[in-house]
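Here is a friendly briefing to read alongside the model. Please keep the sequence and the 3D view open as you go.

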Amino acid sequence: MTVFLTIVVIALIGISLWQMSKILKLSQAKGADNSQVANDKDNNLQGKLMLAFVIFMYLLTIYCFVQYHTFFLPESASEHGIEYDRLMIISMILIFIVQFITQGLLHFFSYKYRGNKNNKALFFADNDKLEFIWTIIPVIVLAGLIIYGLFTWTDIMNIDEEEGDPLIIELYAYQFDWRARYSGEDNVLGKANVRFIEGVNSLGLDASDSYGMDDKIVSELHLPVNRKVIFKMRSQDVLHSAYMPFFRAQMNVVPGMITEFSYTPILTSDEMRNSEFMVEKVATINKIRKEKSKQLIAAGDEALETYEFDYYLLCNKICGTSHYNMQMKIVVESEEDYNAWLKTQQTFKEQLSAQASN
Amino acid sequence: MSAIAHVDGHEEDHDHGHHHKETFITKYIFSQDHKMISKQYLITGLIMGIIGIAMSILFRLQLAWPDHKFTIFEVLLGKFGEDGVMDASMYLALVTIHGTIMVFFVLTAGLSGTFSNLLIPLQIGARDMASGFLNMISYWLFFLSSVIMVLSLFAEAGPASAGWTIYPPLSALPQAIGGSGTGMTLWLVSMAIFIASSLLGSLNYVVTVINLRTKGMSMTRMPLTIWAFFVTAIIGIVSFPVLLSAALLLIMDRGFGTSFYLSDIYIAGEVLHNQGGSPVLFEHLFWFLGHPEVYIVLLPALGITSEIIATNARKPIFGYRAMVASILAIAFLSTIVWGHHMFISGMNPFLGSVFTFTTLLIAIPSAVKAFNYITTLWKGNLQLNPAMLFSIGLVSTFITGGLTGIILGDSTLDINVHDTYFVVAHFHLVMGISALYGLFAGVYHWFPKMYGKMMNKNLGYVHFWVTAIGAYGVFFPMHFIGMAGLPRRYYTNSNFPYFDDLADTNVLITVFALITAAGQLVFLYNFIISIFYGKKAVQNPWKSNTMEWTTPVEHMHGNWPGEIPHVYRWPYDYSKTREDGEYVIPGQDYVSQIIPLQDGEEEMHH
């Protein structure tokens with residue numbers, strides 16, 4: 001594949017060079033019109049190419065939508081994401097209508113009014129009515145979008161710890177991994193600062209704060225379905241960003257301050273895994289991996305593992321050399337499964353005493 | 001640079017048309033003549049452009065074929081490309097320097113520097129810039145900063161690699177990434193000098209436009225190019241100093257132990273003493289320049305295309321006043337929208353609401369401009385010269401890229417596409433490609449003015465179509481991999497099986513990128529060959545109204561022999577007719593600005 005593509009590229013470059021030299025020769029041989037200013041013949045050809053170009057753009061758009069529709073993220077796995085997706089669809093439709101019309105007009109006019117010696121341009125410098133119309137239309141449309149967007153934004157970002165019974169979890173980022181800290185029985189996170197980092201206390205919890213004793217530090221994020229989660233984020237070194245695309249959630253993790261984001265997961269990992277979209281997507285991916293494995297085995301390497309879908313959290317703010325591989329698995333499960341899992345995790349106090357006894 | 005100036009020297013040695021006695025050095029190297037300085041800017045900008053684009057090719061190869069070993073990596077990257085495998089930190093360095101070079105060195109200095117210098121004096125009827133000396137200093141500071149930026153590529157631990165936005169703490173701590181050592185120091189020094197250069201240039205442009213217009217050249221008779229350069233210079237003066245202070249504080253954090261941006265950091269096994277600073281402060285300062293910068297890059301391109309579209313459509317630009325008002329509105333709004341880069345930075349969500357509001361407002365003047373361009377084409381007599389094609393191409397990419405801005409500018413929608421390839425696609429189309437098209441359009445259009453020669457139009461056509469198809473081929477599919485949630489600045493996407501099905505698209509994008517980059521060689525060839533062997537230009541090849549075409553083809557100091565002509569009309573009297581349907585000047589569809597009103601002709605009130 002690679003070799004083939006390289007050859008194609010080289011061949012294309014070769015062809016363009018050959019064409020260029022030919023064009024150069026032709027343009028010199030003609031002699032009659034060597035002014036290098038477009039003449040009627042040029043206008044005619046370039047105008048037609050403009051029309052062809054807009055058709056190319058339309059086809060490219062259609063091709064991308066047909067070919068890449070599986071790229072879009074599946075239905076939202078969080079509550080607010082449903083609203084997010086609706087706003088996205090509305091904006092997208094709007095954009096594509098405007099794109100379709102304006103690009104069409106732009107290129108069609110370029111074709112229709114391509115220059116000719118016998119034509120006369122229309123001296124048309126001003127028209128207040130027209131200008132008013134196309135100022136007021138964007139104003140109205142954008143006002144609608146702004147208002148809709150702002151309501152959604154306020155809903156998402158209004159994080160109220162008093163409302164409902166939210167689960168409080170700390171997301172802790174460092175080069176190049178994530179940790180999650182559950183606030184334990186009291187649902188209150190113990191105080192922490194990087195200055196307390198020592199030995200097993202890798203998140204810098206304040207050992208004198210009793211709230212911290214029942215905190216549980218884990219390397220895999222488990223969330224009960226249908227319960228609001230409030231994430232408090234802390235970074236140990238540089239900027240990171242907690243990006244959870246399936247939950248339409250992202251927030252930067254900033255050293256020196258605590259940032260927050262909140263959502264309610266509504267689809268468990270299993271539900272997402274078995275959704276029509278994901279079954280198809282994973283099948284495609286595994287087909288690709290199988291192909292690749294064949295090559296790898298032929299080259300004496302190990303085959304790739306079969307992929308099974310899991311939610312993930314990615315780092316999405318450039319944070320250093322291994323930025324591309326800073327991820328954490330997210331598991332959304334039923335309340336019972338979640339509680340069972342949580343029970344098996346050590347509390348901070350247990351970790352400390354385990355270290356002391358060593 | 002001197003080598004290039006030297007080449008110019010041989011070519012123009014024989015056509016001294018002026019009375020000043022000048023040595024080789026004062027004429028070609030430390031020249032104070034705006035036309036020479038503009039050429040210096042252009043050629044330096046093009047060289048930086050070659051470096052910047054070459055870098056993008058390297059990292060596109062890496063993204064398309066992460067498992068493949070490329071000898072070229074070993075050749076060009078040395079120890080960072082051992083055995084043909086690109087080092088992950090080198091990938092980040094390439095992305096960083098590509099961004100820096102393209103945004104600042106090519107599209108700010110190369111575009112605005114070239115055409116502001118060339119056109120401001122020529123189009124307003126001035127003998128030169130207000131201060132030729134400061135203008136010369138401005139160029140040489142730019143040259144110096146370019147040299148330092150290129151030198152930083154050879155830093156032992158690698159060049160700056162914290163992204164072109166150089167967010168601390170990553171950019172402040174060499175422990176965090178190798179490139180934040182000497183590489184970042186050189187980056188900061190280079191940018192500080194660049195800012196000084198940019199400020200000197202901008203002040204000069206503003207003073208020149210205000211003070212040195214010829215008689216009759218009222219503000220409302222200025223070509224839109226000049227309006228764009230003028231307003232761009234003002235935005236530059238307002239926002240570049242803020243970047244300087246951001247850089248200064250970063251230098252202090254790096255070198256003198258202050259804590260402006262740093263707090264509570266544990267890295268490489270030890271706690272740093274820094275306390276109380278905030279990276280968010282840096283983000284505010286950076287984007288206070290960073291966003292206006294987008295318009296510093298784009299407005300000159302829009303000014304250039306306004307002029308070229310009107311000339312080649314043989315029609316006045318539609319809605320001159322609305323165009324000027326849009327430029328002013330965009331300039332004003334551009335300084336109060338920076339927060340849309342920071343919706344999820346941890347700043348107060350209420351601020352996010354405010355910035356969403358101002359950001360979507362900026363879509364209004366942008367939409368007005370796009371509609372006005374389209375209307376200018378309507379019922380024109382379009383002369384489809386290469387410059388005109390690039391101008392139409394600019395309107396096209398400006399619309400495509402601008403529309404996705406509606407998604408990114410909406411704080412809600414930004415949450416999930418922030419820092420994904422969707423953003424990369426958006427800003428490359430709306431500012432990168434659009435501004436580059438503006439640059440190309442300008443070069444094709446004013447090449448006769450700069451070098452007294454014509455560029456080959458057929459090569460220009462080939463260049464345009466390869467670029468136009470290639471640019472969309474690269475950036476259109478990129479929206480879709482962004483919608484898939486693929487983060488930008490990832491060295492390889494193969495670490496996540498979930499993204500395995502995007503690999504083919506990445507290959508497609510890289511193939512388009514290679515073709516497009518190869519297409520630029522056509523331009524380079526055309527540019528260089530035309531300087532020496534191009535057809536000699538006539539005085540006014542495009543039959544244009546603006547004043548630069550009333551100067552002699554041969555360059556001379558002071559631009560006009562004898563008195564500077566006066567101006568009697570606006571620059572867009574194309575195809576203006578008398579009441580009997582005949583052109584104002586019979587047989588000629590244009591009326592130069594320096595021609596007085598004819599009998600019975602009324603001046604338009606625009």
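Predicted model: local features only at pLDDT ≥ 70, side-chain atom pairs only at ≥ 80, totals over all residues.

Residues are numbered from 1 along each chain as its sequence is written, while chains are lettered from A and ligands numbered from 1 in the order in which they are written.

**Nonpolar core**

- The largest nonpolar core has 281 residues; such a core is a set of buried Ala, Val, Leu, Ile, Met, Phe, Trp, Tyr and Cys residues joined through C-beta atoms within 7 Å.
- A residue is buried if 20 or more other C-beta atoms lie within 10 Å of its own, exposed if 12 or fewer, and partly exposed in between, with C-beta atoms placed from the backbone.
- Leu171(A) and Leu170(B) have the most contacts inside this core.
- Helix H5 (residues 88–124) of chain B gives the most to this core, with 23 residues; helices (H or I, at least four residues) and strands (E, at least two) are DSSP runs, numbered from the N terminus.
- Leaving out residues up to four places away in sequence, Leu171(A) touches Trp178(A), Ala180(A), Phe231(A), Met233(A), Ala242(A) and Val253(A); contact requires C-beta atoms, placed from the backbone, within 7 Å.

**Where the chains meet**

- In all, 106 residues of chain A are in contact with 119 residues of chain B.
- Elements giving two or more residues to the chain A side include helix H1 (2–30), helix H2 (40–68), helix H3 (79–112) and strand S6 (240–244) of chain A.
- H4(A) gives the most to that side, with 14 residues.
- By class, the chain A side divides into 61 nonpolar, 35 polar and 10 charged residues; Ala, Val, Leu, Ile, Met, Phe, Trp, Tyr, Cys and Pro count as nonpolar, Asp, Glu, Lys and Arg as charged, and the others, Gly among them, as polar.

**Sheet S4-S10-S9-S6-S7 of chain A**

- This open sheet of five strands has mixed pairing; two strands pair if DSSP finds at least two bridges between them.
- Strand S4 (221–224) and S7 of chain A stand at the edges with a single partner strand each, so one side of each is left without a neighbour in the sheet.
- Neighbouring strands here are turned by 20° against each other on average, direction ignored.
- S4(A) and strand S10 (residues 327–333) of chain A pair in the parallel sense over four bridges.
- Within S10(A), Val331(A) is the bridge partner of His222(A), and Ile330(A) is that of Leu221(A).
- Leu221(A) and Leu223(A) point one way from S4(A), His222(A) and Pro224(A) point the other way, and all are buried.

**Sheet S3-S2-S1-S5-S8 of chain A**

- Here too, an open sheet of five strands has mixed pairing.
- Its edges are strand S3 (216–218) and strand S8 (259–263) of chain A, each with a single partner strand, so one side of each is left without a neighbour in the sheet.
- The twist averages 25° from one strand to the next.
- Strand S2 (residues 177–182) of chain A pairs with S3(A) in the antiparallel sense over three bridges, and Ala180(A) has Val218(A) as its bridge partner in S3(A).
- Strand S5 (residues 229–235) of chain A runs antiparallel to S8(A), joined by five bridges, with Phe231(A) opposite Phe261(A).
- Four of the five residues of S8(A) are buried.

**Helix pair in chain B**

- Helix H9 (residues 279–313) and helix H10 (residues 320–334) of chain B pack at an angle of about 170°, with their axes 10 Å apart; axes are lines fitted to C-alpha atoms, for helices over the stretch in contact, and angles run from 0 to 180 degrees between N-to-C directions.
- H9(B) and H10(B) are therefore roughly antiparallel, a label for angles over 145 degrees, where under 35 is roughly parallel, 65 to 115 roughly perpendicular and the rest oblique.
- Residues making the contact include His291(B), Tyr295(B) and Leu299(B) of H9(B) and Ile327(B) and Ile330(B) of H10(B).
- This contact has seven nonpolar, three polar and no charged residues.

**Pro349(B)**

- Pro349(B) lies in helix H11 (residues 349–361) of chain B and is partly exposed, with 17 other C-beta atoms within 10 Å.
- Not counting residues up to four places away in sequence, Pro349(B) touches Trp153(A) and Met157(A).

Technical notes: Contact = placed C-beta atoms within 7 Å.
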